[in-house]
Each structure stands twice: as structure tokens, then as C-alpha cells.
Amino acid sequence: MFNKILIANRGEIAIRIIRACRELGIKTVAVYSSADQHAQHVQLADEAILLGDAAPKESYLNVDKLIRAALDSKADAIHPGYGFLSENASFAGTVESAGLTFIGPSADSIRAMGDKAESKTLMKQSGVPTVPGFEGLTSDEEFKRAAKEIGYPVLIKASAGGGGKGMRVVNAESELSEAIESARREAFNSFGDENLLIEKYLADAHHVEFQVFGDKHGNLVHLFERECSVQRRHQKIIEETPSPLLTPEIRAKMGEAAVAAAKAVNYYNAGTIEFIFDPILSSFYFLEMNTRLQVEHPITELTAGIDLVQWQIRVAAGEKFPFTQNDLHQHGHAIECRVYAEDPSNGFLPSTGKLLQFLEPRGPGIRVDSGFKAGSDVTHFYDPLLAKLIVHAENRDAAIQRMQAALHEFIVHGVVTNIDFMQAVLKHEDFTQGKVSTRWVEKTLESGGLLPDIQPQSAELQSLIAAALADVVFVGAKSQPAVSNETDPFNPWKQANSYRN
């Protein structure tokens, strides 16, 4: 087993990895940018190393600095978390070349699945059903011919990367050229690769993904599905497992296809095979593979009873994954809501500022993965995810009720959040009936079916809260003896003065 692991990430996923390492008796090294010098993951790790300025390219995306930090701290391995360099084949190869262990799949597997065009071709060869489409196109004329053959609407999509970047839905030929140009531009800016592919856009389909897990000894299984259809701008908001749509027969077929897809690239460690599912025809198609740990992995952990992060580390260290497919079962129902600092009433634009209050819910069956606390700064440099709120209950109805209660108890002041928006989604009859497709949020917002009940904090209200909290701190500080304020290092009122200033 490793003695020390460097975590090449930040926020809640860095903290999640730190906790897994602590339970395994492994020391941790956090890395951070200048914007994160007071972040929780920096405080919780055994060591912390400053990488550089706030911009990701100067810190969390700087391969040379990350490798140097790992070598200087005498770490044995690097865990990339998710996002940043987690699906960068070159980074994985560089880690191994430096004599360190990359906690994830091989660079070859990442490379094979990292290009959506190449992975679709590979899946076709492996007998995994794929969305009708074409890869390797370059000119607008080629795209036009392909779109006519597929039939509108079509989806223009970046070959590299993920997270909804470089994706455009095209409803008519008159929109195609502009969509190609803007998708290429965004793809190049996001991933350094402007190559695109085109495929049929399934407007009312569901997004269902399967967690796969393998070791370096040839064992590979799936840990069942996650329903991820509640999305905005191609980004997931609410995930759950089991999916309310899948029959045992469809679940078995999709699980077999997921394992076959992973075996096609000799995959090991944690990964996710994403499918588009048509509930009317009960048909499914390979979408892409994420060669890393997913944001929504906690709901799989709760229903499958497996600590995925610990097993990522153990498998990377050479251990065998001891479970066969027959050993794995789902227990109860789990839901995850992503609490974002964003304004649903204003196009889900990010919200920044200082967290004046951040009170997480607690109780049986409630889990919160977060990298923030009261007093933390929410900046524009990184993803606006504040926390992942996860609940587990005996069935879906009970899980929905538990999530509604937990969201009601989640108090955030200082930035606008999507908490009320998620409450509105959970209460909607389409969600309770499992009828939410990937475009449901967009269409329901357009019809005015969600936002009327949402009342985000106004700027005036936030200012009043800030002023009230500042007054409390000021009065408390004035009531203490001034003589001890500067000399006693454990004086809480000294901390209060610092907070107020």
C-alpha cells in the first residue's frame, strides 16, 4: 500500500480522497492555487503545496508543477479526482514515467476512450450499440450531407473532452454552419482540439450511465446504473439510482454492454459508460466513457455498499477486486442533488461572493460532500459546485421526501444557489413519475413550469444579512477585554476581528 498520495485536485473531491486515505492510513499532500490558500482541502491534508496563481493553467492544470510537488513531497502516487487532468492521457503517462503511480486507468485506455469519434468506432467494432452518426468529418459540406442522411435534429459534438463543452443542437440546415463554427471554437478553447462529430439528436431520451470497475488482474464488473437526466446546459443537476425506468431485463443488457465496452480497452480502476436510453422503444445507445471517478459516485457507494475511492487506491496498489458480478446487489434508493452557486432565473449564471452562512443538513441517511464553509470565498475561477447533497432511503418515494427535507435545511447566504430550483424539480409530477428527459429542464423552464416558485435572495437582502452578521461580530469583539485581543493566540474574538476585517 502507498505511504503518501498527492491529490491533484481541489474542493469536495480532494476532501473525499483525503478521508479515504485517512481510513487506509495513508498520508496526503494537497496542492492549491493562490485563490485556494484558505480552502478546506488545504487545511485537512497532512501537507500542502502552493502551485501558482488562481488560473487553472498556472496551478491545477500545470503538469510540471504537479509532478515536481509529488517528487519533492516524496509521494508514491497521484490521485487526479475528476475534472482538470483526470482524463488526460499525457498526464497519466507522465506520472508513470516519473516513477509514480497514477490512481486511475492506463494512459492507453484514457487515450482510446478520450476521443469520442475514435471510441464510437471502437464500440461499433465491439458490438456495443451507438447513436447513428458520423466521425472524422472536416468540411461543412461533409457535415451537411451527414445531417441530411441522419435527419434533423442533429447534435454537433466535440471529439475530445466532455462536460457539455463544444456541443450544439441543430434543428435545420440553416443553423448548421454557425453551430459548427461555434462548437469548433469552444472545443479548441476548452480542450485544445477542434475536431467534431455529428450524430442523431434524441430529444426526449434519458441519460443513463453504468459504473464499471476493474483491477489489474483481469476482473471487471459493473455496479449498476445511475439516472442522470435532470440537466441544464448538458450538465447534470440531480442523479439517482436505481433508474425508475429500467426493467431487470434492460438493466442486465445495459450492464453487459457497459462491461463489454470497458473490456474493449482493457480497462481497470473506476470508469463510467454513458448511454442514451429511449423509454418508448426500450433501446439504448453508447454515448461516451468517462475514464475517471464521477461526481455522482456517492449514490453508487450507498446502494452498492462499496467505497469506490478506497478501492481506486487499493486497485492502483495492485490489489485484486474481490467481488464478482453475482456478489453485487443494489440496496434501497439514493439521490444526489448538486448545490451550485448559480442563478436559475438568470440562465444559471454563476454567483460569486463570500459565504456568510453555510449550514449543512444532518440526519439519518443524509450525506454532504463539500469543500466550503461559512467565510469561504466563491470565486469565478472554478466550477460553481458548492456541495453534493446525497440521501439514501428504503425506496424512491422515501428518498425524494428525505431529499426535500434535507434541501429545506440546507442554508446558504452570500451567493445565489439552485436549492429552491431543485425543490421545484423534486415536487414536479414529471420527476415523481420518472418522466424527466435530458431536455426536460429546458422545456419546462420555457413554459414557465418551474421558476414562478423560486425566489432567489435579492442583492438588497444579501447586503442586509452581511451587515447584520458584521454587526454581531463587531459588538462581540467590543465586549471583550482589549488587552488579551492581540496577545492570546487562542482568543476567539481575535478570529472574529480578522473575519470582520
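Modeller: The expected span of a helix is 1.5 Å times one less than its number of residues. Keep that handy, as we're looking at a predicted model.

Colleague: Okay, how do you know that the span of helix 12 agrees with what it should be?

Modeller: Helix 12 covers residues 396-409, which is 14 residues, so at 1.5 Å a residue it should span 20 Å. Its end C-alpha atoms are 20 Å apart, so the two agree.

Colleague: What makes Ala398 and Met403 count as buried residues of helix 12?

Modeller: Buried means under 20% relative accessible area, and both Ala398 and Met403 are on the buried list for helix 12, along with Arg396, Ala399, Ile400, Ala406 and Leu407. Their cover includes strand 12 (235-241), strand 15 (333-340) and helix 13 (419-427), among others.

Colleague: Why is strand 11 called largely enclosed?

Modeller: Because 13 of its 13 residues, 220-232, are buried.

Colleague: How do you know that strand 11 pairs with strand 10 and strand 12?

Modeller: Pairing takes at least two bridges. Six bridges join strand 10 to strand 11, and four join strand 11 to strand 12, so both count as pairs by that rule. Each of these pairs runs antiparallel. For instance, phenylalanine 213 stands opposite valine 221, while glutamate 227 faces glutamate 240 in strand 12.

Notes:
Residues are numbered from 1 along each chain as its sequence is written. This is a predicted model: local features need pLDDT of at least 70, side-chain atom pairs count only at pLDDT 80 or more; totals for chains, interfaces and linings use all residues. Side-chain values use heavy atoms; hydrogens and water are left out. Helices (H or I, at least four residues) and strands (E, at least two) are DSSP runs, numbered from the N terminus. Buried means under 20% relative accessible area, exposed over 50%, partly exposed in between (1.4 Å probe, protein chains only). Contact means heavy atoms within 4.5 Å.
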